[in-house]
Amino acid sequence: MSDKFTYDNIWRELELPEFINGTLEKNLSPARLTDLSMIVETSRRLQDLYHTIVNARFNFAISCADQYPHLLAENTERNVLKVKSLFLNNAVIWYNNTFDHILQVIWVYYGLFINKGVAKKITTDRLDQIMSSCKYDSLMSVGKDVVPLSLLNNVKTIYESECYRKIRNWSNIIKHRSCLEFAELDKREVAAYVSVKCKEGQSVWDAFRAGGQVEYNSIKAKEGRTVSIQDVSQNLLTYHKE
């Protein structure tokens, strides 16, 4: 691991956006109560974004510790790496969620759910439907005539960035398959389980030796899940600073 990914350094590197913390209290003044539901829900989305960043930052920073005496009976290198992997998996999920919260802030603040035809206004019984309709493609489509172009371009830049693409992919792997596996833990399988298309009366081994079509390979089926701690950490750091 690089020296910049030490426990002390990472806390200094990862600044928090304090300017969005406590926005609900800041915005609820009598002079601004033109649409109470819009103000409250926009402020709540900003607060959710802040708390999500806090959670992501915490898990990332803890993953950079050298030892975990309160969690491990033995601080062996392998045990430490196992704990790091747990916190890094959590950090990936939380950092991926921050982008959804950014979209939700824009979706509510500019009333894009109205343009999309989801609802005419925010009501308690329609709130879940309004929020679940908030997707990147929908926001970019209905927001082009409402949201400032510079803001849409910033959202697009984040979405298309290499670091967020990786974080989004890693998060999907965690969600739909299993936790990321880190090369540093050396979880190589000693055998591959292979299924080969065989002709009638042909054994699997003969089909394989004859260059038959491999229909399933247990090793290749896991590709994409094995990553390095260094790569994940670098992408999380870059994304946080964006």
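This is a predicted model: local features need pLDDT of at least 70, side-chain atom pairs count only at pLDDT 80 or more; totals for chains, interfaces and linings use all residues.
**View 1. The largest pocket and its lining.** Welcome to the largest pocket, which has a volume of about 590 Å³. Its lining counts 22 residues, and those closest to the pocket centre are Pro17, Phe19, Leu49, Ile53 and Ile102. Two or more lining residues come from each of helix 3 (36-63), helix 4 (77-109), helix 8 (149-160) and helix 11. Helix 4 is the top contributor here, giving five residues. By residue class, this lining holds 15 nonpolar, four polar and three charged residues.

**View 2. The second largest pocket and its lining.** Here we turn to the second largest pocket, with a volume of about 430 Å³. Look for Asn96, Asp100, Lys135, Tyr164 and Arg168, which lie nearest the centre among the 18 lining residues. At least two residues of this lining come from each of helix 4, helix 7 (136-142) and helix 9 (162-176). Helix 4 supplies the largest share, seven residues. The lining of the second largest pocket is made up of seven nonpolar, six polar and five charged residues.

**View 3. Helix 11, from end to end.** Helix 11 covers residues 229-241, and its end C-alpha atoms are 18 Å apart. That agrees with expectation, because 13 residues at 1.5 Å a residue should span 18 Å. If you follow the helix along its length, the buried residues are Ile229, Val232, Ser233, Asn235, Leu236, Leu237, Tyr239 and His240. As a handy guide for reading this view, an α-helix has 3.6 residues a turn, so residues three or four places apart point the same way. Helix 11 also gives two or more residues to the lining of the largest pocket, shown in View 1.

Key
Residues are numbered from 1 along each chain as its sequence is written. Side-chain values use heavy atoms; hydrogens and water are left out. Helices (H or I, at least four residues) and strands (E, at least two) are DSSP runs, numbered from the N terminus. The expected span of a helix is 1.5 Å times one less than its number of residues. Buried means under 20% relative accessible area, exposed over 50%, partly exposed in between (1.4 Å probe, protein chains only). On a 1 Å grid over the protein atoms alone, a cavity is a set of points where a 1.4 Å probe fits but cannot get out, and a pocket is an open set with protein on both sides within 12 Å along at least five of seven lines; lining residues have an atom within 4 Å of a point. Grid points are joined across faces, edges and corners, and a volume is the space filled by probe spheres set on the points. Ala, Val, Leu, Ile, Met, Phe, Trp, Tyr, Cys and Pro count as nonpolar, Asp, Glu, Lys and Arg as charged, and the others, Gly among them, as polar.
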